[in-house]
Amino acid sequence: ASQLAHLKRLFEGVDPEALAAWWERARDCRRRSPLPRQRLPIGPFFLTDQQLCVHHAEVSIVHVRRVCLQRRVAAAAMFQSWSQGAQAASTDSIASHLAELGLAPTQARALARAADPGVTGTVTCAAFAELIGATPALSQPASRGRGSNAGEGGAAEAIRGRARTASTAVPVASMAELEIRGDGAWEVKLSSGGSTHLSWTSKHYACELVSMWRVAGSVKGASVQVPLGFQASRGMRSPTPVLLSVRPARRLKLPTLTPDPAPTQRWVDRALPFPVAFRLLWSVIAAEPNQSSMYVWRPVPPSDAFVAIGAVATTSPQEPQVAEVGVRCIPRAWLRQGDAELVQLWADAGREVLCHPGFPSVVAIAGPRERPRQWALITDQERFRVGLPQGVTDENAEELSDQL
């Protein structure tokens, strides 16, 4: 703490962007922590006060979303438990309750202030739920004049504008429901269905031609196929889509009528949840009019029980919308550490586009200070069964029995 105090005096008046550029050059000289500089103890020196407030609030939003999913409670219900059923509470009171969830005091205060864009000293239940992402869409706050707390208000508006909806209303499956078992109710396998859509290409760059593709899921009968990440290929040729397919196990006889995918979709939403946020890893900024910028994002799983094996590539600096990219997380219990090396498709200045051998052409992004893990399905079988078997007295199993 005393060293940080000395650094604060030393760096006083230095432009944060110039300081950040100096730090990146210094870190490239030796092996250092792979954490983003904002999360290091020295991180606050690289940000303006408003940027620091935004950073604290963004980190806090991801943490609260995880808590909501782990406790299987909506953000609005959590707020009302704090306010004893009231629709509003003081900003200080909400910050205190947020700190009890494990947030640092600065993070808790930043999130509470972000939920109070009008700087009224009061947070409403609706504003809190909207910020955390419990509603179908986020609305932009109304503009207001600058006052003594204009910096905090600007940070709140930035957070509300950048926050993205996570499916916190859908609880994740229990560990028993995710267990691999021979009598499981659901059959899982890798599939090549779906379609691909070009997201970015290195055309007009002085490097090897590589293209990045968004994969769209599909529904076929009672089977649901979901993407695990963007895919990449050399040149402009579209890669073969790789999706995870889930369908009722064959022993569960479906009616002779058209198969209903709704029960499968409900189970997929619980067992293969959407990310709660996206973390920017690195970007390639266009220098010429005919070039396209690329921003590479790492999906953030709802809990440590799930893994985001892939990545997302966009041409916008704005955090991706979950509904637009459609990428899912996969239970850690279904994965193992892969043996084969990641396949490199493109590299530039320490930034790499790699692919998982176990999930062909699914992107695994590497950066100057971050190396991805090589994942593969835990079983060598073409397909495997998961979930509670028929006849188990569980709410999910009863619903399955009613639907099938």
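**Figure 1. Gln107 sits in helix α6.** This view comes from a predicted model. Gln107 has a relative accessible area of 18%. Buried means under 20%, so Gln107 counts as buried. Which residues does Gln107 touch, not counting those up to four places away in sequence? They are His56, Val59 and Ser60.

**Figure 2. Helix α5 packs against helix α6.** Helix α5 covers residues 91-100, and helix α6 covers residues 105-114. Two packed helices are described by the angle between their axes and the distance between the axes. Here the angle is about 135°. The axes lie 8 Å apart. Angles over 145 degrees count as roughly antiparallel, and 65 to 115 as roughly perpendicular. The pair α5 and α6 is therefore oblique. The crossing of these two helices is right-handed.

**Figure 3. Residues of α5 meet residues of α6.** From α5 come Thr91, Ile94, Ala95, Leu98 and Ala99. From α6 come Ala108, Arg109, Leu111, Ala112 and Arg113. How many residues of each class does this contact have? Seven are nonpolar, one is polar and two are charged.

**Figure 4. The whole protein chain gives the setting for the close-ups.** The chain has 404 residues, and 48% of them are buried. There are 12 helices and 20 strands. Take the contacts between residues at least 6 apart in sequence. Of these, 65% join residues at least 24 apart. The accessible surface comes to about 19,400 Å². Carbon and sulfur atoms account for 51% of that surface.

**Figure 5. Leu69 lies in helix α3.** Helix α3 runs over residues 49-71. Is Leu69 buried or exposed? With 6% relative accessibility, Leu69 counts as buried. Pro302 is 233 residues away from Leu69 along the chain.

**Figure 6. Gly338 occupies the loop between β15 and β16.** Strand β15 spans 335-337, and strand β16 spans 343-348. Gly338 has 14% relative accessibility and therefore counts as buried. Its neighbours within four places in sequence are left aside here. Gly338 is then in contact with Gln374, Trp375 and Ala376. Leu377 is 39 residues from Gly338 in sequence. From C-alpha to C-alpha, Gly338 and Leu377 are 8.3 Å apart.

**Figure 7. Helix α7 is largely enclosed by the rest of the structure.** Why is α7 described as largely enclosed? Seven of its eight residues are buried, so the rest of the structure largely encloses this helix. The helix covers residues 125-132. Its buried residues are Cys125, Ala127, Phe128, Ala129, Glu130, Leu131 and Ile132.

**Figure 8. Gln84 has a positive phi in a residue other than glycine.** The phi of Gln84 is near 55°. Where is Gln84 placed? Gln84 is in the loop between α4 (75-82) and β1 (88-90). At 76% relative accessibility, Gln84 counts as exposed.

**Figure 9. His204 has a positive phi in a residue other than glycine.** The phi of His204 is near 75°. His204 is in the loop between β4 (195-201) and β5 (210-216). Relative accessibility is 43% for His204, which therefore counts as partly exposed.

Methods
Residues are numbered from 1 along each chain as its sequence is written. This is a predicted model: local features need pLDDT of at least 70, side-chain atom pairs count only at pLDDT 80 or more; totals for chains, interfaces and linings use all residues. Side-chain values use heavy atoms; hydrogens and water are left out. Axes are lines fitted to C-alpha atoms, for helices over the stretch in contact, and angles run from 0 to 180 degrees between N-to-C directions. Helices (H or I, at least four residues) and strands (E, at least two) are DSSP runs, numbered from the N terminus. Angles under 35 degrees count as roughly parallel, over 145 as roughly antiparallel, 65 to 115 as roughly perpendicular and the rest as oblique. A crossing is left-handed if the near helix is turned anticlockwise from the far one by less than a right angle, and right-handed if clockwise. Contact means heavy atoms within 4.5 Å. Ala, Val, Leu, Ile, Met, Phe, Trp, Tyr, Cys and Pro count as nonpolar, Asp, Glu, Lys and Arg as charged, and the others, Gly among them, as polar. Buried means under 20% relative accessible area, exposed over 50%, partly exposed in between (1.4 Å probe, protein chains only). Accessible areas come from the Shrake-Rupley method with a 1.4 Å probe; for residues, only the protein chains shown count as cover.
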